[in-house]
Each structure stands twice: as C-alpha cells, then as structure tokens.
Amino acid sequence: MPEPDDDAPAPAADDFPDFVTVGHATRDLVPGGSRLGGTVTFAAVQAHRFGCSVGVVTRAAADLDVAGELPFASVVQLSSSETSTFENIYRGGEREQYIRARGDAIGRDDVPVAWRASPIILLGPVAGEIAPDFAGVFTEASIVGVSAQGWLRSIADDGRVLHSAWGGEPFWRDCYVLFVSDEDLVEGGGREELERWCAEVPIVAMTESWRGLRVHYRGAWRRMDAFPEQEVDPTGAGDTFATGFLIRLHETGDVDEAARFGAAAASLSVGGIAAAAMPTRAEVEARMRAYPEIALR
C-alpha cells in the first residue's frame, strides 16, 4: 500500500473529513499472498491523492489493520468475526470472482456523528454489508454517491460471485449519484432496473470498461469514449472513477467536468497494479489536456 504523499495528520473522529467512504475493506488473494482491497481502500487512496482529508468506516477481523495500511486516513474499524476475502480468477479476459469469507454488517450508528455532515460520501459495500437506507444518515448538504455493485451480487455454493437483481428496499434512496457497471446488470432484467434508477436518482453514471461510460442527467443519456491506456490491472478502476467524479462534482458543480476528470483518473489507474497506480491530480489534469476531444456528447 502506498505511503501518504504528505505529512498531514489524519482527521480525528470529531473532525470533518472532506471525503468519507463506508464499506468492507477486504483481503484480496493474489498469487503469492494478499493485498488490501475493497471500494473503501481504492477510494480512500485516490481521494487522498487528490488532496482530500479522508474518513473510512469499515469492519474487519483483528488480523487486518486497516488504519496501518491507510495511515493518511482516519479509520473507524469495527470488529468482525471474519474479514471479507475475495479472489479474482481471469480466464480468457473474463473475471471470475470468489468470496472466501464475509465480514459482519456495518450499521448507520457506526458513522461518527461529525462525519455525517462531510461534503463528499461514497458508499461502497462489497457484499451487501450496509443497509439500503444507509445514505439517509448523512446531511442534505452532502453529495452522496452509491456504488451499486455490492448490492447486485449473490453468492453461489462454491463462493463464486454472481450478478443478481436487487429485490429489497431501494439502496439508491437519498443518493445523488449512482455508480454502476454494465457488467453488474442482470441479463434480461437490467434494463428495467436501469430505467428505475434513472427516474429516481439525479445522476446515474454507468461505466462500460474499455468502451467508455454513459451518464444520465436531467432526463437524458450522454456518452463518453474511454481515455486510451494499456491495461495492466483493472482492479479498482470503477472506484477511482467514482471518487474522481464525486470530488470534481463537489468542486465545480459541473457533471461534464466531473465525468471527464473521473474517466481520466480511471484510465491512469489501470496502467499499473491496484492502488499503487492511482494518479495524482496533476497527472489527471495532464491526461485531460492531452485528449480534449474525449468528453460527454
């Protein structure tokens, strides 16, 4: 895990982090060992590299020291019987994902009271560990982004992660931006889900891997091509996009600018391995200048 870029202290639990992310930090099994993963990990690292103070609310077993892995962040690590553990296996360019252990749920009351007024929030469950009404704990002034992936999963008997439609209460309630990948949509039923999200959420951003992304805003879809990059490791690219999008949206209020910034960041992130490849703000801005033609249309 990368070291912090500066000597700024992590915010205390009674302070006001710029960026708060909630979900399980995971143990990701890789050849020769494991590394820290999960949306909260990638989002925290990326937000820090963009100059934000960061708060993380997570749950993991005692053998995973999330605060030690993310020394730049203020980490609320709740106890768990297990640490959520994933293994990705790639075959023919397609990813098969397995969950080997699953941590306990995170409750709304686990978020420090002061953090509930933080300006930027990203809810990033990996396996349904936060309740569908979780976004409602934050103030109306917060920009709340929700990563849909963790709610659109079921687990097969062998631990394989499957794409699954959501049948419970709306997990997108009270969110401002919903992030989803086209890979998360269930074949045959995804269009109906997508139409509902577009009707009920102000902004829906759907990534489409190397093909780019689409953004639904003010009643219409717009599309953007991907920024070119030689892919080394796609892990965390969607989380990088979501983080960049939310931060730039908060800074500018401009959906077009947010989409370009997030997409440029995501393209840079796939050029290396996991969190170590996440870019700085200067690198993202340089990428955007190099490809002015890549924009929502």
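Modeller: Let's start with two tryptophans: Trp 172 and Trp 197 are both buried, meaning under 20% relative accessible area, where over 50% is exposed and anything in between is partly exposed (1.4 Å probe, protein chains only). Before going on, the ground rules: this is a predicted model, so local features need pLDDT of at least 70 and side-chain atom pairs count only at pLDDT 80 or more, while totals for chains, interfaces and linings use all residues. Residues are numbered from 1 along each chain as its sequence is written, and side-chain values use heavy atoms, leaving out hydrogens and water.

On confidence, the chain has a mean pLDDT of 91, with 94% of its residues at 70 or more; pLDDT is the predictor's confidence in each residue, from 0 to 100. The stretch to be careful with is residues 1-9, where pLDDT stays under 50 and the model has 15 contacts beyond four places in sequence (a contact means heavy atoms within 4.5 Å). Where pLDDT is low, predicted coordinates should not be read in detail.

Searching the whole structure turns up 11 aromatic pairs. In the pair made by Trp 172 and Trp 197, the ring centres are 6.1 Å apart and the planes make 70°, so it counts as edge-to-face. Trp 172 sits in the loop between β11 (161-163) and β12 (177-181), and Trp 197 is in helix α3 (residues 190-200), so the pair ties together parts 25 residues apart in sequence. For the cut-offs, rings of Phe, Tyr and Trp (its six-membered ring) pair if their centres lie within 6.5 Å, and planes under 30 degrees apart are stacked, over 60 edge-to-face and the rest tilted. Helices (H or I, at least four residues) and strands (E, at least two) are DSSP runs, numbered from the N terminus. The two tryptophans also belong to one aromatic cluster with Trp 151, Trp 166 and Phe 171.

The part I'd really like to show you is the sheet. Nine strands make up an open sheet with mixed pairing, in the order β5-β4-β1-β8-β9-β12-β13-β14-β15; two strands pair if DSSP finds at least two bridges between them. At the edges are β5 (74-78) and β15 (220-224), each pairing on one side only. On average, neighbouring strands of this sheet are turned by 15° against each other, direction ignored. Helix α1 packs on the sheet and touches β1, β4, β8 and β9, with its direction at about 170° to that of β4. Such angles run from 0 to 180 degrees between N-to-C directions, using lines fitted to C-alpha atoms, for helices over the stretch in contact.

How enclosed is α1? Of the 11 residues of α1 (residues 39-49), 11 are buried, so the helix is largely enclosed by the rest of the structure. Among them are Phe 42, Gln 46, His 48 and Arg 49. Just after α1, Gly 51 has a positive phi of about 95°.

Strand β4 (residues 54-59) runs parallel to β5, joined by five bridges. Arg 59 has Leu 78 of β5 as its bridge partner, and Thr 58 stands opposite Gln 77. Six of the six residues of β4 are buried, so β4 too is largely enclosed by the rest of the structure. Val 54, Val 56 and Thr 58 point one way, and Gly 55, Val 57 and Arg 59 the other.

Next along, β1 and β4 run parallel over four bridges, with Phe 19 opposite Val 54. Strand β1 (residues 19-22) is likewise joined to β8 by four bridges, in parallel, and there Val 20 partners Ile 121. Strand β8 (residues 120-123) is covered on both faces: Ile 120 and Leu 122 are buried on one side, Ile 121 and Leu 123 on the other. Four parallel bridges then link β8 to β9 (residues 143-147), including one between Leu 122 and Gly 145.
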